[in-house]
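Please view the sequence and the structure together while reading.

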Amino acid sequence: MSIGHALLALLEAGPRHGYDLKRAYDTHLGADRPLHYGQVYSTLSRLLRNGLVEAVGRESGDGPDRKRYAITDAGITDVEAWLAAPEKPEVYLQNVLYAKVVLALLSGRDAQRVLDAQRAEHLKHMRELTKRKSDGDLVDQLICDHALFHLEADLRWLELTTARIDQLAEQVRTTTEGET
Amino acid sequence: MSTHTTDSLDAEPLLQATELFKAFGLTEALDRASLSVTAGETVAVMGPSGSGKSTLLHCAAGIMKPDAGSVRYDGRELTTLSDGERSELRRTEFGFVFQFGQLVPELTCLENIALPLRLGGMRRKPAEAEAEHWLATFDVTDAAHKRPGDVSGGQTQRVAVARALVTTPRVIFADEPTGALDSLNGELVMRLLTQAARDSGAAIVLVTHEARVAAYADREVIVRDGRTKTGVLA
Ligand SMILES: Nc1ncnc2c1ncn2[C@@H]1O[C@H](COP(=O)(O)OP(=O)(O)O)[C@@H](O)[C@H]1O
Ligand SMILES: [Mg+2]
């Protein structure tokens with residue numbers, strides 16, 4: 001998640017103090033991970049340096065929390081480009097899991113246990129999300145559903161790999177023989 | 001999170017199926033499958049298609065007799081009961097929700113929900129009053145006087161859940177209850193089913209191959225090639 005772009009987009013509604021920005025971010029996006037003030041101010045000073053925001057109506061005293069920040073035209077262009085560009089699909093987890101399965105097979109361990117442990121962990125997290133969704137408002141529901149569908153996709157992969165584990169073991173074995 | 005992970009070993013199980021075997025000809029549908037359910041808990045039975053989930057549910061619910069193994073429910077051994085005793089037990093203690101086809105097509109939705117009560121000897125008026133209460137709870141009052149074939153899939157399934165709950169069963173057996181529904185209606189049915197079961201203290205045996213549906217359960221049991229393993233790590 002690009003915090004810089006998020007702050008820029010939040011500034012489009014009008015100039016704000018760093019403190020208000022943090023609050024807005026936490027309210028809308030930070031359910032799991034609220035921002036630290038340090039992150040807010042370091043991000044804002046980077047945006048300032050790059051001309052994407054400017055300080056307006058400086059009030060008495062200094063220190064970063066006295067400034068109000070406004071988005072610049074360059075900032076708006078940047079937000080637009082960010083929103084329009086699709087995200088690279090996340091395939092990281094599968095890579096780690098795939099590596100673990102192969103390494104378990106290579107080292108003569110029970111690869112099915114790797115898959116079983118991961119499935120149990122995924123389901124446990126899915127139960128927590130489902131509970132949170134049932135107690136929450138529409139925003140909670142949408143956030144949780146997004147996570148739930150992703151976890152479900154991982155689980156399908158785990159299931160499919162389970163069904164093919166003997167085949168994979170055989171392939172890993174013949175490849176290893178080819179190495180020596 | 002509540003206290004610690006519910007440990008099914010702590011409480012005496014209400015329903016316990018132990019080392020079940022069941023073959024259909026050469027197909028070994030169950031090959032040492034076990035399942036235990038404590039009062040009020042929801043257990044998801046998961047696994048790929050053809051792994052034996054439905055067979056396990058049918059045996060645990062006394063619909064089908066396993067070739068070997070034991071099914072104990074509340075102090076009674078189901079496998080040695082007569083057919084009549086087992087169907088009486090199913091009618092009074094259990095509720096059933098299937099993927100589809102469980103409602104009587106000739107009856108209205110209201111009559112379908114009232115039916116289990118009528119079969120238990122309740123008179124029509126009080127049975128239908130009870131059914132109306134469930135229709136309202138599940139927000140399907142406008143289906144009351146329509147037949148199952150004339151309402152949407154989501155409504156049909158809510159009526160089916162109401163019918164399963166109307167006798168306040170202690171165990172609800174649900175076999176792919178959302179299998180024929182889209183995501184949104186599936187969510188709704190799962191919410192209503194789990195909420196109503198929680199309110200009445202009923203346990204649920206929830207057969208599903210969908211992880212998002214299984215996530216409504218307290219824990220899961222995995223079936224693979226007719227064998228079970230529990231999914232919860234310590
Ligand atoms: N009545 C039956 N007659 C013959 N084979 C059956 C019957 N019921 C189930 N089977 C077989 O037993 C296996 C397990 O089936 P089932 O319990 O329905 O699996 P699941 O519900 O997990 O899809 C499958 O191979 C299925 O074809
Ligand atoms: Mg089935």
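In this predicted model, helix α1 (residues 53-60) of chain B lies across β1, β2 and β4 of chain B, contact meaning heavy atoms within 4.5 Å. The helix runs at about 55 degrees to β2(B); axes are lines fitted to C-alpha atoms, for helices over the stretch in contact, and angles run from 0 to 180 degrees between N-to-C directions. Helices (H or I, at least four residues) and strands (E, at least two) are DSSP runs, numbered from the N terminus.

The sheet of chain B is open and consists of four strands in the order β2-β1-β4-β5, with antiparallel pairing; two strands pair if DSSP finds at least two bridges between them. Because β2 (27-37) and β5 (76-77) of chain B stand at the edges with a single partner strand each, one side of each has no neighbour in the sheet. Strand β1 (residues 15-24) and strand β4 (residues 68-73) of chain B run antiparallel and are joined by five bridges. Within this pair, B:Q16 stands opposite B:R72 in β4(B).

In chain A, helix α1 (residues 3-11) packs against helix α4 (residues 73-84) at an angle of about 120 degrees, their axes being 9 Å apart. The two helices, α1(A) and α4(A), are therefore oblique to each other, a class that excludes angles under 35 degrees (roughly parallel), over 145 (roughly antiparallel) and 65 to 115 (roughly perpendicular).

Residues are numbered from 1 along each chain as its sequence is written, and chains are lettered from A and ligands numbered from 1 in the order in which they are written. Local features need pLDDT of at least 70, side-chain atom pairs count only at pLDDT 80 or more, and totals for chains, interfaces and linings use all residues, while side-chain values use heavy atoms, with hydrogens and water left out.
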